[in-house]
Amino acid sequence: MWNWFHKLASPPHFYRLAGIFSPWLLWSSLILIAIGTYGGLVLAPADYQQGEGFRIIYVHVPSSYLSTMIYALMAITSGIGLIWRIKLAHAVAASAAPIGASFTVVSLLTGMLWGKPMWGTYWEWDPRLTSELILLFIYFGYMSLRASFEDIGKADRAGGLLAVVGVVNLPIIHYSVIWWSSLHQGPSIKKLDAPSISGDMLWPLLLLIAASTLFFGAILLYRARAEVLDREHNSRWVQDLLGERPGAG
Amino acid sequence: MNLARFFAAIVRRELQIAFKRWGDLVSPLMFFVMVASLFPLALSPQHEMLRNLGPAVLWIAALLATLLSLNALFRADIEDGSMEQLVLSPYPLALALFGKTVAHWLLNGLPLVVLAPALAVTYYLPGEGVRALSLTLLIGTPTLSLLGAVGAALTAGVRQSGGLLALLVLPLMLPVLMFGARATDLAASGEQISGPVYLLSALFLLALSLLPLASAAAIRISLD
Amino acid sequence: MGGYAQFVWGAFGVWFVCMIFNIIAARRRFRFSVERATMATMRQQHRMSRKMKQNEARK
């Protein structure tokens, strides 16, 4: 088990494996997303309360889920990288951040597009949207902290520490936002939830959640390869991989 | 020298240095007062509206004033090399940084707590609200200082770190702001505030126990 | 789409734009890194070959 783990965590091995897996993951996720989208837009019946508008759930929920899951992954890999000093873990954390931020934006925008027909306004300070907005700020903070360091090792450790501090803070922020919004119960604001979801409504949602996770995996591996190259471009295996064969060693 | 004396020595040194530079001490306070007095000028001096806005405005002004004073927290120590001495010294770095954070709060947080009631009166907050504002600021500003110390330590090696520091620290400070401002608001409208005050205290204790360690780790990263 | 067409299509549009953006951004990022690593490799090889020539000249 350990042996296998060490082999995987060695950069050249990871670089090779990620190069093999990434396209497979990407194509399978794209096919599944196409099926799920068809299921969500065409096959699923309209909701009896929200009508056709509920179909936004098929993109809002996967992107919200991804935005949180990616942050958790980023914090875990940062922690691993900080504790065991594994460069590869930092590389994964660094590549997860922009993907997570992009899906946070999608979650916010689709939430707003859902809010307009449901609440009559694009923005409502509802706990879910508010926490999502704060999560976006945290992603931006992480990325700009990384960008402000010239030295990649320093960026890794500083960003890693911020990610770990942030993950302790996220539940606190989430629950304080819930507490804060519970104080001013406006004229019965509906939450962005599909009420009593039925089977043919549910499967496209689950499929899309799974497929978007695969999609994230594909992009993550792709980006992590680039990050590994950045960290290793002075090492022998990269030079063997990229250079023309040097004349004599 | 035992740990308590080491801690006291750090705090005393910080205070002595700070009192030599009055300008740095007073400017965050003036900023606090000015931001708080901008709102009535920008809106309109209606008592009713100011009473409603007061808790939020005063808390936000306190938050921004804290943020303003954070930039210089570790900068001078890093530039003159004394931070390196602390890292290499046999005493725990977290304790030294905690001492500096305590000094920062005594110099920047405590004056805010003292000044806030005076400003609260200009916002026509009732007595309950003024007391709640002082209480929540008293519990909340140390938490802000502790959080800010981590941010200052992370950005200590970065040039032009002002905006970056705000971007890093503000999201983490939001719970304190929400509990503090809402508790003041609730108290001003005559409601019980023990709930949010307990939550603020819990945040303070959590910050107190974990964040000095995080600051120490961040300083180590920034220095090597 | 029962009067919700613009919102539903808008939401799915945002989603697909995000996916395409992610793919393109990742590709660009990867190309950039390969370019940089190739440059580093070429510099390294240049240095090594110069050293070898110097050694030969010395002989």
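The following questions and answers go through a predicted model, chain by chain and contact by contact.

Biologist: Which element of chain B has the highest mean pLDDT?
Modeller: The term pLDDT is the predictor's confidence in each residue, from 0 to 100. Chain B averages 91, and 100% of its residues score at least 70. Among the elements of chain B, helix H4 (residues 75-79) has the lowest mean, 86. The highest, 95, belongs to H7(B).

Biologist: What pattern does chain B follow along its sequence?
Modeller: Helices (H or I, at least four residues) and strands (E, at least two) are DSSP runs, numbered from the N terminus. Chain B has nine helices and zero strands. Read along the sequence, the pattern is α-α-α-α-α-α-α-α-α.

Biologist: Why is chain B called as compact as a globular protein of its length?
Modeller: The radius of gyration is taken over C-alpha atoms, and the globule rule is 2.2 Å times the number of residues to the power 0.38. The C-alpha atoms of chain B fill a box of roughly 55 × 35 × 30 Å along the principal axes. For 224 residues the rule gives 17 Å, and chain B is as compact as a globular protein of that length because its radius of gyration is close to this, at 18 Å.

Biologist: What radius of gyration does chain C have?
Modeller: Chain C has one helix and zero strands. Its C-alpha atoms fill a box of roughly 85 × 5 × 5 Å, taken along the principal axes. A compact globule of 59 residues would have a radius of gyration near 10 Å, but the value for chain C is 25 Å.

Biologist: What percentage of the residues in chain C is buried?
Modeller: A residue is buried if 20 or more other C-beta atoms lie within 10 Å of its own, exposed if 12 or fewer, and partly exposed in between, with C-beta atoms placed from the backbone. In chain B, buried residues make up 47% of the 224 residues. Of the 59 residues in chain C, the buried part is 19%.

Biologist: Is Ser28(A) buried, exposed or partly exposed, and why?
Modeller: Ser28(A) is found in helix H2 (residues 11-43) of chain A. Because 15 other C-beta atoms lie within 10 Å, Ser28(A) is partly exposed.

Biologist: Which element gives the most to the side of chain A that touches chain C?
Modeller: Two residues are in contact if their C-beta atoms, placed from the backbone, lie within 7 Å. By that rule, 38 residues of chain A are in contact with 32 residues of chain C. Helices H3 (57-84), H4 (87-119), H7 (199-232) and H8 (236-242) of chain A each supply at least two residues of this side of chain A. The most, 11 residues, comes from H4(A).

Biologist: How many charged residues are on the side of chain B that touches chain A?
Modeller: Here 17 residues of chain B are in contact with 20 residues of chain A. H8(B) gives the most to this side of chain B, with 10 residues. Ala, Val, Leu, Ile, Met, Phe, Trp, Tyr, Cys and Pro count as nonpolar, Asp, Glu, Lys and Arg as charged, and the others, Gly among them, as polar. This side has 16 nonpolar residues, no polar ones, and the number of charged residues is one.

Biologist: How far apart are the nearest C-alpha atoms of chain B and chain C?
Modeller: Two pairs of chains touch, and the most contacts are between chains A and C. Chain B and chain C do not touch, and their nearest C-alpha atoms are apart by 24 Å.

Definitions and conventions:
Residues numbered from 1 in each chain as written. Chains lettered and ligands numbered in written order. Predicted model: local features only at pLDDT ≥ 70, side-chain atom pairs only at ≥ 80, totals over all residues.
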